[in-house]
Every structure is written in C-alpha cells, then in structure tokens.
Amino acid sequence: MSQAENSGRSERSGYSEQDVQREVTELEGKSATAARIFDLRRIIGGLFVLYGVIVTITGITDSQAAIDKAQGVNINLWTGIGMLVLGVFFLVWLKLRPIQAPETPKSE
C-alpha cells in the first residue's frame, strides 16, 4: 500500500498519524507503570517486612516458657529479624535496579 493510500485511509477513519503516535506513546507509558506496580520484588519485600515486624514483636514479647520450649533460643525474634532483613533487601534491590520497560522498535 502506498503512502498516499495509507494517509487517505487514516484521514477517512478520523485519526491522524499524530493521534495514533500519541495513543501508542500513552499505552507504552501505562504498560511501564503497570510493570513497576506489579513487580514481584515490591510484593515479596513488602510482605516480608510486614510479617517480619509482626514476628519480631512476637519475639520481643515472648515469655520465658516459650523460649525454653525452643531450647533457649528466641526463635520468633531471630526469624522476625531475618524476615525484616530479607524484605529490606528486596525493597533496596527494587530501588537500585528499577524495572525497565522493553524497548519497542519504531516503525516508519
């Protein structure tokens, strides 16, 4: 199809080339935003931090009987701290290496 036929067809449909390019650019931006929102590092890091805080608080408030049951180790405290460290690791990783939207080849 020639350039004249193509431009005539787009004018008949009511969309100019600029409208189509603007729409493509907007959709690419929305796709990049969706990729950042649903990045698994954000979800995993957030959940580990949340549960780590809960388990750490439980470990701090454990009774001596609960600690004795675990052979003298405050397992809730150490597990909570480990979960916090892992969650913060995922969130720092997300901050240092944000997801990049894939480059789409430009057609002319």
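**Labels and their cut-offs**

Q: Where is Q71 found?
A: Q71 is in the loop between α4 (64–69) and α5. The helix names come from DSSP runs, numbered from the N terminus (H or I, at least four residues, for helices; E, at least two, for strands). Keep in mind that this is a predicted model, where local features need pLDDT of at least 70 and side-chain atom pairs count only at pLDDT 80 or more, while totals for chains, interfaces and linings use all residues. Residues are numbered from 1 along each chain as its sequence is written, and side-chain values use heavy atoms, with hydrogens and water left out.

Q: Why is Q71 called exposed?
A: Its relative accessible area is 76%. Buried means under 20%, exposed over 50%, and partly exposed in between, with a 1.4 Å probe and protein chains only, so Q71 counts as exposed.

Q: What is there to say about phi of Q71?
A: Phi of Q71 is near 60°, a positive value in a residue other than glycine. Most residues other than glycine have a negative phi.

Q: What pattern does the protein chain follow along the sequence?
A: It reads α-α-α-α-α, with five helices and zero strands. Of its 108 residues, 14% count as buried.

Q: What makes F90 and W93 an aromatic pair, and why is it called tilted?
A: Rings of Phe, Tyr and Trp (its six-membered ring) pair if their centres lie within 6.5 Å; planes under 30 degrees apart count as stacked, over 60 as edge-to-face, and the rest as tilted. This rule gives three aromatic pairs. In one of them, the centres of F90 and W93 are 5.9 Å apart with 45° between the planes, so the pair is tilted. Both residues lie in helix α5 (residues 75–96), three residues apart, about one turn of the helix. Ring pairs also link F89, F90 and W93 into a cluster.

Q: How do F90 and W93 score on accessibility?
A: F90 is at 15%, so it counts as buried. W93, at 37%, is therefore partly exposed.

Q: How do you know that the charged end of R41 sits over the ring of W93?
A: The rule asks for NZ of Lys or CZ of Arg within 6 Å of the ring centre and within 35 degrees of the ring normal. The charged end of R41 is 5.0 Å from the centre of that ring, and R41 is listed as sitting over it.

Q: Why is the contact between R41 and D39 called a salt bridge?
A: A salt bridge needs a side-chain nitrogen of Lys or Arg within 4 Å of a carboxyl oxygen of Asp or Glu. The closest N and O atoms of R41 and D39 are 2.8 Å apart, so the pair qualifies. The count comes to one salt bridge. R41 and D39 are both buried.

Q: Which helix holds I54, and what makes I54 partly exposed?
A: I54 lies in helix α3 (residues 40–60), and its 46% relative accessibility puts it in the partly exposed class.
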